[in-house]
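Dear colleague,

I am passing on a structure that you have not worked with before, and below it I set out what was found. Please read the notes with the model open beside them.

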Amino acid sequence: MSNYQKVIYGKYPKSNYPNQLANHLVTNYFTIENAKLLDVGCGDGTYVKLFNKLNLQSEGVDIVDGIDFNVDKLPFNDNTFDYIFSKSVIEHIHNTENFLSECYRVLKPEGMILILTPAWEFNYRWFYDDPTHVKPFHRK
C-alpha cells in the first residue's frame with residue numbers, strides 16, 4: 001500500500017458501509033453472473049475485494065498505479081468490462097470529459113457505469129474543506 005493510501009484510508013475508522021454498499025449494488029444493479037467490473041479510483045482496493053467475493057471478476061485502477069485520470073487512457077482494451085464503478089473520485093478530476101470517455105471506451109456495449117459522488121446540495125458547506133475537491137456535482 002502506498003503512503004498516499006495509508007494517509008487517506010488510515011485516518012477513518014472501519015465500518016460495515018463498504019460491505020453493505022457492495023451487497024446492495026450486486027443485488028440490485030450488478031446482476032450479470034461472473035461479469036467483469038472495473039473500479040476506477042479504487043483506492044486501497046476495498047471494493048475490488050468485496051466485489052470479487054460477490055462473484056464479479058473485479059479489478060481496480062488508481063492514481064497510485066501512475067494513471068492520471070485527467071489525461072491518461074485507462075490501461076484496458078475497448079469493450080472489456082460489463083460494469084464500471086467509481087466512488088468519490090470524479091469530484092477530484094478537472095478533465096471529467098477524459099475520465100468519462102475512457103470509462104465508456106472500456107465499457108462493453110449495454111454495460112453500466114455507476115459513479116457516486118458527494119451531493120453538492122448536502123455538502124456545499126464543507127466540500128472545499130478537502131483541497132483535492134475541484135468539481136462539485138448536483139442532480140441537474
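The model has an open sheet of four strands in the order E2-E1-E3-E4, with parallel pairing, where strands are DSSP runs of E of at least two residues and helices runs of H or I of at least four, numbered from the N terminus, and two strands pair if DSSP finds at least two bridges between them. Strands E2 (57-61) and E4 (107-116) stand at the edges with a single partner strand each, so one side of each is left without a neighbour in the sheet. Strand E1 (residues 36-40) pairs with E2 in the parallel sense over five bridges, and Asp39 has Gly60 in E2 as its bridge partner.

Please keep in mind that this is a predicted model, in which local features need pLDDT of at least 70 and side-chain atom pairs count only at pLDDT 80 or more, while totals for chains, interfaces and linings use all residues. Residues are numbered from 1 along each chain as its sequence is written, and side-chain values use heavy atoms, with hydrogens and water left out.

A search of the whole structure finds eleven aromatic pairs (ring centres of Phe, Tyr and Trp, the latter by its six-membered ring, within 6.5 Å; planes under 30 degrees apart are stacked, over 60 edge-to-face, the rest tilted). The rings of Phe30 and Phe51 have centres 5.7 Å apart and planes at 70°, so this pair is edge-to-face. Phe30 lies in the loop between H2 and E1 and Phe51 in helix H3, so the pair ties together parts 21 residues apart in sequence.
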